[in-house]
Amino acid sequence: MKARSGVDAERERGVEREVGVRRLQLPAPDRVLSSRTGYTRETWLAVAGHLLDSLVPWFTASGAQVRLPGRGSWSGADCDGLEGFARSFLLASFRIAATGGDERLVERYSRGLVAGAAGDWPRLTPCSQQTVEAAAIAVGLHESRAWLWDKLDGAEQTHVVDWLSGFVGSRTWDNNWRLFQVVGEQFLASVGAPFKQDDIDAGLDRIEDWYVGDGWYSDGPGQNFDHYIGWAMHLYPGLWTRMAGPSADGRLAVYKERLRRFLEDAVHLTGSDGAPIHFGRSLCYRMAAAAPYWMGALLDATPLTPGQTRRLCSGTLRHFVDHGVPDERGLLTLGWHHQFLPTTQPYSGPASPYWASKGFLGLLLPADHEVWTAREAALPLDEADQVRAMPAPGFVVQATKHDGIVRLLNHGSDHNAEGDAHYNRLAYSSRTGPEHTGEQLDNHVTFAGATGHRGGIERIDEGHSRWQAGDVRIEVATVVHGRIEVRCVLVDGPEGLVRHGGYAVAGQDLPDASSDAHWAQASTADRLTTATIALHGYHRAAVRRGLDSNAFGPHSATPYLEAQHDGKDPRVLVSAVVLSGDTVWPRQLAESVDVTVDGRNVTVRFADGTRADVQLGEEVGDGGGTAPDAGAPA
């Protein structure tokens with residue numbers, strides 16, 4: 001390994017380099033071609049160029065590492081520096097291909113590539129973070145091959161092959177990481193280097209074990225459903241088919257069919273403002289959420305029109321740009337709209353957010369492709385409210401046109417992580433994030449004295465699940481009607497206090513809050529309002545305030561309800577939960593919902609005459625729940 005450069009030494013001492021303000025300069029919006037976002041292919045190229053140029057001060061002297069300021073990952077500084085190079089190289093490769101060869105980027109990354117492979121990068125070892133970054137380099141080399149790889153001399157190519165050969169016969173973690181080995185060894189195969197076809201086949205065969213239907217995979221064994229399904233489980237098989245060529249034909253048809261079906265659901269997971277649902281791990285990857293939609297266009301495997309694809313993807317890019325991403329240095333930080341470390345994981349380092357590069361996959365589509373030339377077209381939420389059950393992952397999506405908010409009601413994904421706020425909540429949305437406190441009050445049912453939180457979700461029906469928290473069993477069934485979600489809860493356990501929270505809202509200013517005995521609500525300066533209303537069984541309502549505990553702003557508020565359980569018979573509790581972009585009148589809303597409880601049977605009637613019947617306490621698979629959307633008028 002070569003000696004540390006001056007930049008490396010500064011990083012190790014914790015000294016941040018002085019970098020001037022780098023303002024993002026965008027082309028003028030095109031409201032004819034892109035009536036909803038104003039963004040075009042030139043906008044995407046400009047953002048990609050800005051992100052890449054802003055990294056230049058952070059390259060090491062050899063060019064092999066990009067050592068960014070910020071909290072390091074558990075993999076160490078050398079691997080973090082590799083990560084900065086590899087993930088930004090993926091973005092550079094897309095831009096190189098899109099422009100027919102950007103000489104500045106080719107020179108910058110070919111120099112670093114050779115220096116890294118020759119000794120500046122840690123070697124690939126089983127289950128190491130280096131394998132993740134090596135996959136990015138393999139994909140980048142493939143997509144920019146004519147301009148970069150083919151221009152390296154024989155000795156330089158040998159260095160790169162030797163480094164990537166650490167994939168061959170190695171071992172990775174048993175989740176989406178299996179696909180890193182697949183694309184790594186497929187690149188080796190494409191350049192005539194030694195590889196093992198058995199490694200490639202084993203990785204592709206393994207994800208078949210995790211396919212659960214309707215286009216959905218689990219990210220490894222268990223109920224692991226989140227953004228990784230789009231930006232990993234569908235992305236890498238698609239990239240592999242591009243690398244493998246005709247030899248992929250046997251699997252390509254299957255991958256295309258599954259991706260098309262997945263996108264029928266996934267189109268409902270983004271708000272009208274382009275915001276992805278704030279749910280699951282690695283949220284600092286941000287724009288990577290656009291990757292599966294671009295892949296659908298690349299493989300001609302999408303139910304969306306070209307104008308819908310660009311409207312959705314450009315909406316996501318614009319959402320983050322409008323909220324200050326990248327920052328004033330031109331860097332992507334560990335957070336969502338701004339740096340917020342609680343929303344990251346220990347494996348996240350200062351360059352981890354550059355997996356956002358996956359979201360720029362559309363640059364591989366030529367300038368004359370219809371996805372760039374067609375006018376933006378409306379998405380389903382642009383035209384009407386949406387309620388969609390997704391049985392494979394156990395989700396129900398509730399979205400409202402008037403405010404563009406998407407709410408994900410989670411009755412199926414737990415990621416084997418009982419205490420993780422990114423998975424154990426009953427609901428998530430495109431405008432809110434969970435509170436990062438030990439209390440875990442928001443969008444949760446908790447029991448005072450219980451030894452655990454929501455995990456090991458058992459599905460009963462669509463929008464209906466239960467879990468065990470210590471010696472307490474909690475069951476929740478959801479009924480959706482417009483912007484209202486009615487939650488029917490069954491608590492079975494010893495005597496104790498039950499708390500049930502609604503959505504937490506957050507902003508730069510302290511949210512307004514109010515409550516009485518039967519309802520509580522809070523609203524931000526931009527009128528995002530959350531309310532929780534007692535309909536049966538609760539005796540108290542209040543608002544819990546938070547400070548620096550939410551990714552959406554330093555000041556947060558969560559409305560919640562309380563009920564005392566006597567520990568005798570199982571207790572039925574019913575509430576209405578609302579998240580809205582406009583005013584909520586809790587008293588009037590409570591009067592618009594009529595609830596009748598007969599034992600463990602709940603009947604919910606709405607003011608327009610629609611009715612839903614919920615049976616609590618049924619066994620899994622008995623069909624005791626109700627359809628998530630309220631039924632026909634009674």
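In the predicted model, L259 is in contact with H234, P292, M295, G296, L299 and A301, leaving aside neighbours within four places in sequence. L259 lies in helix α10, which spans residues 249-266. The relative accessibility of L259 is 1%. L259 therefore counts as buried, since the cut-off for that class is under 20%. T302 is 43 residues away from L259 in sequence. In space, the C-alpha atoms of L259 and T302 are 7.1 Å apart.

E143 is placed in helix α5, residues 129-143. E143 has a relative accessible area of 8%. E143 is therefore buried, as the limit is under 20%.

The largest nonpolar core of the model comprises 136 residues. Y109, I137, L141 and F360 have the most contacts inside this core. Helix α9, residues 228-244, supplies the largest share of the core, with 11 residues. L141 touches F89, L113, L148, W149, V160, L164 and F187, not counting residues up to four places away in sequence. Another core lies apart from the largest one. This other core has 24 residues, including A531, A576, V578 and L616.

Terms used: Residues are numbered from 1 along each chain as its sequence is written. This is a predicted model: local features need pLDDT of at least 70, side-chain atom pairs count only at pLDDT 80 or more; totals for chains, interfaces and linings use all residues. Side-chain values use heavy atoms; hydrogens and water are left out. A nonpolar core is a set of buried Ala, Val, Leu, Ile, Met, Phe, Trp, Tyr and Cys residues joined through side-chain atoms within 4.5 Å. Buried means under 20% relative accessible area, exposed over 50%, partly exposed in between (1.4 Å probe, protein chains only). Helices (H or I, at least four residues) and strands (E, at least two) are DSSP runs, numbered from the N terminus. Contact means heavy atoms within 4.5 Å.
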